[in-house]
Amino acid sequence: MNKKFIFIVEDDKAYVSVYKTKLESEGYEVVIIERGDLVIPELHKRKPDLVILDLVLPQKTGFAILKDIRADDELKDLKVIVASNLSQEGDKEKVKKLGALDYLIKSEISIFELIEKIKKALAS
């Protein structure tokens, strides 16, 4: 069975550590990208099965990255789950319009809930 490949776009070291450890223990292959400006070039090198995207990043926001993904013919169908601590209703609406599968508020969900959302997204 091929390992599912997940890109985690996150600059908070604590979240990076927890996500990477837990996802790898669940059998996923994980690549971490900590700067927004590096995401699109990395996605062109190797397309993941799923992207977990923070919105607040150095060099380029998650909103801009999501917009770029949807405007790129090679990447537009990528599955993206946004995981952020921005909790404004307007932010949620914006990412849904940009085609994110889900919007998770990091401080409100456990790693186990995140894993369930990932499994559901990869199964769809």
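Predicted model: local features only at pLDDT ≥ 70, side-chain atom pairs only at ≥ 80, totals over all residues.

Q: How many aromatic pairs does the structure hold?
A: There are two aromatic pairs, where rings of Phe, Tyr and Trp (its six-membered ring) pair if their centres lie within 6.5 Å, and planes under 30 degrees apart count as stacked, over 60 as edge-to-face and the rest as tilted. Phe5 and Phe7 make an edge-to-face pair, with 5.4 Å from centre to centre and 90° between the planes. Tyr15 and Tyr19 make a tilted pair, with 5.7 Å from centre to centre and 45° between the planes.

Q: Is Phe5 buried or exposed?
A: Phe5 is buried at a relative accessible area of 3%, and Phe7 is buried at 2%; buried means under 20% relative accessible area, exposed over 50%, and partly exposed in between (1.4 Å probe, protein chains only).

Q: And where do Tyr15 and Tyr19 lie?
A: Both lie in helix H1 (residues 13-25), four residues apart, which is about one turn of the helix. Helices (H or I, at least four residues) and strands (E, at least two) are DSSP runs, numbered from the N terminus. Tyr15 counts as partly exposed at 22% relative accessibility, whereas Tyr19 is buried at 6%.

Q: Which residues of H1 are buried?
A: They are Val16, Tyr19 and Leu23. Seen down the axis of H1, these buried residues fall within an arc of 75° (the arc of the directions from the helix axis to the C-beta atoms), so they line one face of the helix. On the other side of H1, Lys13, Ala14, Thr21 and Ser25 are exposed.

Q: What covers that buried face of H1?
A: The cover includes S1, strand S2 (29-33), S4 and helix H5 (111-123), where contact means heavy atoms within 4.5 Å.

Q: New topic: which charged end sits over the ring of Phe5?
A: That is the charged end of Arg46, 3.7 Å from the ring centre; a charge sits over a ring if NZ of Lys or CZ of Arg is within 6 Å of the ring centre and within 35 degrees of the ring normal. In another case, the charged end of Lys94 sits over the ring of Phe63, 4.3 Å from its centre.

Q: Which helix holds Phe63, and what is buried there?
A: Phe63 is in helix H3 (residues 62-71), where Gly62, Phe63, Ile65, Leu66 and Ile69 are buried. Down the axis of H3, these buried residues fall within an arc of 165°, so they line one face of the helix. They pack against strand S1 (5-9), helix H2 (39-45), strand S3 (50-53), strand S4 (80-84) and helix H4 (89-97).

Q: Last one: where is Asp102 found?
A: Asp102 is in strand S5 (residues 102-105), and Asp102 is buried, with a relative accessible area of 19%. The side chains of Asp102 and Lys117 are joined by a polar contact of 3.3 Å, meaning a pair of N or O atoms within 3.5 Å; within protein, one must be able to donate a hydrogen and the other to accept it, and residues adjacent in sequence count only if both atoms are side-chain atoms.

Methods:
Residues numbered from 1 in each chain as written. Heavy atoms only, no water.
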